[in-house]
Amino acid sequence: MQVPSTELATRVNALTHRLSERLRDLRFEHANNVSLFTRLTAHLGIIALVLIGLLLSGIELRARAMPRNYDEPTKVTDNVPVIDLDRVTQPSDIILSAVPLTAPSKKERREVTRYAVKPGDNVSVIAARFGVTPDSVIWANSTLENNPDALTVGQELFVPPVSGVLHQVAKGETITSVAARFKADPAAIFNDPFNQTIHDFKSSPPILIPGQFIMVPGGSKPIVVRQVTYNKTTPGNAIKGTSNFQWPTAACVSQFYWGRHPGVDLANSQGTAVVAADGGFVEYVGWDGSGYGNMILINHGNGAITRYAHLSAFAVSSGTSVSKGQLIGRIGSTGRSTGPHLHFELIVNGVHRNPVQILQGKTPRNCSR
Ligand SMILES: [Zn+2]
């Protein structure tokens with residue numbers, strides 16, 4: 001948008017120019033003994049010009065004080081409902097929820113939403129869709145607590161109204177005890193509109209209804225570290241890793257590494273080749289009942305192991321060596337999975353590491369929804 005003062009300056013410049021021209025004319029006329037009357041007329045003319053100029057500038061300034069150009073981005077205030085595009089474009093996502101199709105802003109969601117898992121979903125994308133942290137989704141669903149990947153299409157999840165712990169009240173619990181248990185502020189629990197509609201906060205002290213949900217905003221549960229058991233030693237003749245890891249498949253990242261998702265999900269169509277991220281000894285090839293489905297574990301002989309889960313086919317057998325980049329299997333959706341992808345983990349000395357920070361080469365594009 002043009003700054004008003006710029007236009008004003010242009011006008012003043014033009015005016016000054018005309019003024020100086022008129023003065024030059026006057027001096028010329030004076031030098032040629034032009035009559036007093038003519039000079040007076042000239043002076044009046046200049047005054048009139050100045051007045052007109054000022055008047056126009058005034059109009060201009062008033063015009064600028066009017067509402068701005070519509071092309072300019074308008075600031076959204078808290079009073080204006082924010083349309084969540086994700087939810088507007090995918091209204092069918094909310095299959096079991098009481099949320100109307102014209103989804104209110106995330107701030108306005110006041111109830112626990114029941115959500116049916118759709119193909120391709122993972123905890124991160126579900127959480128993002130509802131504007132809460134992934135942990136909050138896991139904490140609200142006990143089946144996910146030990147394995148956030150344990151999702152199946154159609155599975156029903158609770159999604160809390162805000163980030164924090166959604167807790168089912170047990171007999172004898174109070175706001176204070178619940179706050180202490182989940183390391184949260186009792187005032188936040190008391191002030192939460194969802195809790196106020198469900199529990200009896202008008203009594204003194206407030207009464208929690210056993211069996212009902214209570215939202216603990218800002219609360220948390222401790223992370224249960226998943227132990228990875230594997231043989232620390234490999235046969236002497238096994239291939240050892242280079243410690244430089246490559247991306248194990250050509251895909252996009254449908255879920256990144258985060259606190260409770262100890263790997264990356266690499267999505268591509270069923271049957272896409274999966275290769276060894278580094279050379280090593282194939283320690284396990286087979287079914288995993290905890291949700292990984294068809295899984296391969298490779299021990300790289302240097303403290304590092306890699307896991308390849310949800311495979312549709314195996315190209316190696318356990319007890320053999322593989323070299324870096326060698327085909328070991330194919331992408332699938334076996335085990336607890338919502339669509340074809342490779343769940344890949346890198347564990348160094350028993351600790352899960354973020355593959356994005358360690359794998360060489362460009363990180364595949366993000367295709368999480
Ligand atoms: Zn995963």
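Visitor: Is Ser-243 buried, partly exposed or exposed?

Guide: Before we start, this is a predicted model, where local features need pLDDT of at least 70 and side-chain atom pairs count only at pLDDT 80 or more, while totals for chains, interfaces and linings use all residues. Residues are numbered from 1 along each chain as its sequence is written.

Ser-243 counts as partly exposed because it has 13 C-beta neighbours inside 10 Å. For the cut-offs, buried takes 20 or more other C-beta atoms within 10 Å of a residue's own, exposed takes 12 or fewer, and partly exposed falls in between, with C-beta atoms placed from the backbone. You'll find Ser-243 in the loop between strand 4 and strand 5 (252-255). Strands here are DSSP runs of E, at least two residues, and helices are runs of H or I, at least four residues, both numbered from the N terminus. The backbone of Ser-243 has a positive phi of about 70°, although this residue is not a glycine.

Asn-349 belongs to the loop between strand 14 and strand 15 (351-353). With 10 C-beta neighbours inside 10 Å, Asn-349 counts as exposed.

Pro-205 lies in the loop that runs between helix 8 (193-198) and strand 4 (213-217).
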